[in-house]
Amino acid sequence: MTKLMLLGDEAIAQAAIDAGISGIYAYPGTPSTEITEFIMNSKEAKEGMIHAKWSVNEKTAMESALGMSYAGKRAMVCMKHVGLNVAADAFVNSAITGANGGIIVVSADDPSMHSSQNEQDSRFYGKFALIPILEPSNQQEAYDMVLYGFELSEKLKTPVLLRVTTRLAHSRAGVLRMPGRDQNTLKLPDNLKQFILLPAIARKQYKTLVAKQEDYTAMSESGGFNRLIEGTDKTMGIITTGIAYNYLMENFPDRKVSFPILKIGQYPLPRKLVEKLYSECSSLLVLEEGYPLVEEMLRGYLNHGKAIHGRLDGTVPFDGELNPNIVAVALGLKDTRGRDVPSVVVGRPPSLCKGCPHISSYNALNEALETWSKGRVFSDIGCYTLGALPPFNAINSCVDMGASITMAKGAADAGLNPSVAVIGDSTFTHSGMTGLIDCVNDNSAVTVMILDNSTTAMTGGQDSAGYGKIEEICKGVGVDPDHIVVLNPLPKYHAENIAAIKRELGYQGVSVIIPRRECIQTASRKLKAAKKEAVE
Amino acid sequence: MKRDIILAGVGGQGILSIATAIGMAALDSGLNLKQAEVHGMSQRGGDVSSNLRIADYEIASDLIPCGQADLIISVEPMESLRYLPMLSEDGWLITNTQPFININNYPPMESVMAEIELLKKHIALDAETIAKDLGAARSANMVILGAATPFLAISPDKMRSAIRNIFKRKGDDIVKLNLDAFEAGYRFATDRQN
């Protein structure tokens, strides 16, 4: 069989299809988006009638997947690391309900924050929820772990967390496929109270979950994704997690390392293997992509045992993604570096596309706010966050999905007037509209601009859940229809757009301004497709 | 044998089309491959790079170690310089000379070219003009690919068949334009070397 050249994300998606999932649920988020897109575009998935549509946010995705598991079928749910914060309520409780049909939660972390606002490590969530975690070191393992993960999930009746990072998600390598498996048939849980977390039942279920930890650890010892590789030089033992193993091996061109290595790919940690390595070696070096989770566990608070090196003692920097050079330095090997970057090279930050509707929206907003002091615009997560950069310098916050509206409300409550929120259409349905109800119920003096480009643009133009119904949603939650204003963000309407924004800034209640024009990227893609169709 | 390649450019310039062609030709030659791509925020007109590794043995890391790249292939001159710390002492720099100016503090072209000229092993060519003269204005990236091919340890024939494969859906004319662009770049680099 020939190998397929797949991104880590695509390997996960192909494996999910081959493992017989009946549904994938997700909200787009770099670096996880391509998993769901691959399944949406897969012929096999269409033939298998695999449910593949974007969810409104990660929480609804997680819950839908849990419902599919309840019905006995296999489901995958995907998100970026910060999406797991949104899904956390459902995620943590799903550990207590347990699974019926297999369920894998994929969380794609982004160390070094290539496209994110933090670099939180999802393994902590898995450990916190007390469920098994799988962490691949390469694309083939990502594929294999999905197949294994669904078996594990059904065998132990638990959701399984698959944790990847940007570098694996967005890197391509050869992957060998296994024969596929049919989807499960509809089969409700044997115990129809399994998913009712009333305190009396939850207490029982939680005890079961705690008791199952030994089984989970036993699977980690025997699962095959944790491997102790013998070495002759016992002065140091090395523990690697996930892709850190690759950076270690990169430093040994013949791939022969004299130190014993414990390669971790499955959690809870395999206690026996860890103990064996610890007892054999006089010190340990822990190389993990992400926070020092394993290192902290091994050291304990006081670290009275042997010397353990890693991110906590500065052998490896505390923050940021690993790479071969950082690992070389940690091993005491020679660091390499070419010439310095010449001083003529200047920064080239990302920017809004030429013709982007947000440009007109920000130009109008900036002018409308000219008469007031600066610092009144709360924004959100999306392309329009680039409004923070010159030439716009138009926004003052970007924290988490939906925070623009509620932060504007809090500031208005504190007396900031006018107080403005700027949010995209997809972010609005993700987590903004609940906050809008808070504003309405309090009659807060906020001006909410919903930049409606009719897509989820930043992640590549996925469907937006509120498409065609933004005004209806605003009216439905109680915004006065006289203060729901739709604008066309084009330079030729600049003057009237400024006037409309100014009018609403003066209104002492909730107003919603909707500058609406399709994203220039999706619009030109559609135009191309239409032309192509016309030719054919 | 290994070739560690940094592909550089600006988001939207399509550096991944070069990666796809090299990847296809590498697989066709029985080589191993890893390719770390850039997705997401940085694609919006910002600087982008991709790590492409090919070898006749199993590749460990998705990332190329700093200072050990054999080749920088850039579709934009200033961007080619951004990755010099990645390039090994005897590595080659292959770059387009047409600037992509979407920032208002772009340095004077003379100073960018002067930095490129400082490198003994470099090929700098105006891929846009070469492509346009061939009537293949949209194939500048294939000119760059052609100019990089003598340094890739992959036969040019494998590269030609990769190009045919990639563009065959678009018809024979498009295949020919891209092959012409490739040949022009290839000739430019081999003439320079001799």
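Student: Is Asn443(A) buried or exposed in this model?
Tutor: Asn443(A) counts as exposed, because it has 12 C-beta neighbours inside 10 Å. Keep in mind that this is a predicted model.

Student: Where does Asn443(A) sit?
Tutor: You'll find Asn443(A) in the loop between α16 (425-442) and β17 (446-451) of chain A. Its phi is positive, about 45 degrees, although Asn443(A) is not a glycine.

Student: Why would anyone point that out?
Tutor: Because most residues other than glycine have a negative phi. Asn393(A) also has a positive phi of about 45 degrees, and it is not a glycine either.

Student: And what surrounds Asn393(A)?
Tutor: Asn393(A) has 13 C-beta neighbours inside 10 Å, so it counts as partly exposed. It lies in the loop between β15 and α15 of chain A. Pro391(A) is found in that loop too, between β15 (377-378) and α15 (403-413). A cis peptide bond joins Pro390(A) and Pro391(A), with omega of about 5 degrees.

Student: Which residues does the cis bond with omega of about 10 degrees join?
Tutor: That one links Thr30(A) and Pro31(A). Pro31(A) is in the loop between β2 (21-26) and α2 (33-41) of chain A.

Student: Changing topic: what does Glu58(A) touch beyond its sequence neighbours?
Tutor: Leaving aside neighbours within four places in sequence, Glu58(A) is in contact with Tyr27(A), Met79(A), Gly83(A), Leu84(A), Val86(A) and Ala87(A). Ala87(A) is 29 residues away in sequence, yet the C-alpha atoms of Glu58(A) and Ala87(A) are 5.2 Å apart.

Student: So is Glu58(A) buried or exposed?
Tutor: Buried, because 31 C-beta neighbours fall inside 10 Å. Glu58(A) belongs to helix α4 (residues 58-70) of chain A.

Student: Now the two chains. How many residues does each put into the contact?
Tutor: Chain B gives 40 residues and chain A gives 36 residues. On the chain B side, the largest share, four residues, comes from β2(B). By class, that side has 18 nonpolar, 15 polar and seven charged residues.

Student: What does β2(B) pair with in chain A?
Tutor: Strand β8 (residues 171-175) of chain A: three bridges join it to β2(B), and the two run antiparallel. Within β2(B), Gln35(B) is the bridge partner of Arg172(A).

Student: Last one: how many residues of α1(B) are buried?
Tutor: Ten of its 14 residues, so to speak a mostly covered helix. Among them are Ile15(B), Leu16(B) and Ala26(B). Just after α1(B), Gly30(B) takes a positive phi of about 75 degrees.

Note on methods
Residues are numbered from 1 along each chain as its sequence is written. Chains are lettered from A and ligands numbered from 1 in the order in which they are written. This is a predicted model: local features need pLDDT of at least 70, side-chain atom pairs count only at pLDDT 80 or more; totals for chains, interfaces and linings use all residues. A residue is buried if 20 or more other C-beta atoms lie within 10 Å of its own, exposed if 12 or fewer, and partly exposed in between; C-beta atoms are placed from the backbone. Two residues are in contact if their C-beta atoms, placed from the backbone, lie within 7 Å. Ala, Val, Leu, Ile, Met, Phe, Trp, Tyr, Cys and Pro count as nonpolar, Asp, Glu, Lys and Arg as charged, and the others, Gly among them, as polar. Two strands pair if DSSP finds at least two bridges between them.
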